[in-house]
Amino acid sequence: MRLPKGKTFFLLALLCLSGTLYSQRGLLRNPVLAGFYPDPSICRAGNDYYLINSSFAYFPGLPIFHSRDLLNWEQIGHVLDRPEQLPLDGAGVSRGLFAPSIHYHNGKFYVVCTLIDKLGNFVVTATDPRGPWSNPVPLSKVEGIDPSLFFDDNGKSYIVYNSILPDNKSLWNGHRTIRMREWNAATSEVSDKEIILVNGGTDTSRHPVWIEGPHIYQKDGYYYLLCAEGGTGYNHSSVIFRSKSITGPYVSFEGNPIMTQRDLDPARPNPVTTTGHADFVETPSGEWWAVFLACRPYEGDHYNTGRETFMAPVSWNNGWPAMIPAGETVKYRYPVNAIAKKTNEQFNNNYTFTDRFRDSVLNKRYIFLRTPSEKWYSCGKGAVAVKLRPETCGGKSNPSFIGFRQPHLNGDASVQLQFHTTKENEKAGLLVFQNEKHYYFLGVTKQNNQPFIGLYKGGETDTLITGVTLLPKATNCYLKIEARQDTYVFYFSMDGKRWQLLADNIDAKYLSTKTAGGFTGCLYAIYATSSGVPSQNTAVFKQFACTSRDKTY
């Protein structure tokens, strides 16, 4: 039967439209968590997936996300959200919590992690991943970082981790080992016997560096050991080993690394770099996926968004897993058997997050710099009131700082602020913050007995870049920071509609990881301080908004 021309055209158009809609709905968009979400670890419980990230010196610690389809993610809380769980006072921004790992076994969730400089390695548990999670139980015999658990089919369980050689006898700079101990899930006791699974890395003749981030999986009669290698910078990679026995010997895959971007042209369009620190998950239908960290530089090796969470499918060929083939780039899109849902809480794509502080608790996306020892803010009824305290973001205690991750290289953040002061040491406003010595602060204060908006550059001391004097009775204003990849632009407004330029072409590389160092990414932050002097003053923020505009979306 031949259809009339009009109906043929209609059906073809409908099929094309359906295909377009399906391709849009069935695409996973990288990064799946945009901005400072490094060191991802993932597990599955039935049809539910849970993902966590490192958080370093920010509180609450270890954000936890939930998904039913690997495409749509919702933040359900933090693993460590009580002050007694996470002492961070005195920690540098890139210290604190390193590289967690999440696992589900026999109805219980386990997270192992390292609290650098304080507790060391520990485990926490929960029957509901939304919490409450237990207080940390120290794993004192586990000396190293990047702990991960493995539950064997025979009922035994193990903890595997990165460690230096006995007596620090490294054979080359960056020489590390992957070690394992048997671990009792019921008592959290760790065996005295330590087994070295990998000594040095994939090819010791080439002196590989920083073998770390281990995870063990069981498949088709083999134990697979997935690790990161090459350091957390541009030479990062993922490598794989396997063994017929949990204790080894582990054989390195001849095709290692199974993922890296270090050999590609750095000048390629929209590069994804620094790929590594991966974790695998198997779907109920038998598909395998990897989560891993990666970066999106805007020039050279400069990026301000930190290390982000990406995903990619994993295939199995001749008994070995394959991730990103050599010479291929990480894709910004991968087909996935799911439909994207629009929500008010997106973590990738281009979006606008607006908070008018109507709830009595802060949104789960906000984080503090170190653990608060007192309640210095109140939230609800359309505002968050923040006490000015002596602590500053340049110190190592907990300042009056409410942070939100910078999600993309292009976008902006803004606040509406009500604030009056008669003292030049009192300031309140909006930060873009990388670490204690690398930030820009757009703040309202007093200068020459007049209200004043200043832009300050953080370093050993705050340096005033530029500023403007306001009308004497001005107590309400709007502040905005715009990210344009390698520059920031700073604005102010008295009505939230007519924005006035305060400073243009401010160097963003000063806040890049390459310049500032460390393991974190930039945050926009509501911030208030009395600069070392006690104060009874309060700053009131009536709105925070963050808009992301990334060309790859």
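Which residues does Phe-544 touch, not counting residues up to four places away in sequence? In this predicted model, where contact means heavy atoms within 4.5 Å, Phe-544 touches Phe-353, Thr-354, Asp-355, Phe-357, Tyr-366, Phe-404, Ala-413, Ser-414, Val-415, Leu-430, Tyr-524 and Ile-526. Together with Tyr-488 and Phe-490, Phe-544 touches the most other members of the largest nonpolar core, which has 73 residues. A nonpolar core is a set of buried Ala, Val, Leu, Ile, Met, Phe, Trp, Tyr and Cys residues joined through side-chain atoms within 4.5 Å. A second, separate core of 40 residues includes Leu-33, Tyr-37, Ala-294 and Ala-338.

Residues are numbered from 1 along each chain as its sequence is written, and side-chain values use heavy atoms, with hydrogens and water left out. As the model is predicted, local features need pLDDT of at least 70 and side-chain atom pairs count only at pLDDT 80 or more, whereas totals for chains, interfaces and linings use all residues.

The protein contains two helices and 39 strands (DSSP runs: H or I of at least four residues for helices, E of at least two for strands). The C-alpha trace spans about 80 × 75 × 45 Å along its principal axes.

Of the 553 residues, 57% are buried, meaning under 20% relative accessible area with a 1.4 Å probe, protein chains only. Among contacts with a separation of 6 or more, 58% join residues 24 or more positions apart.

Technical notes
Buried < 20%, exposed > 50% of the residue type's maximum accessible area, 1.4 Å probe, protein only.
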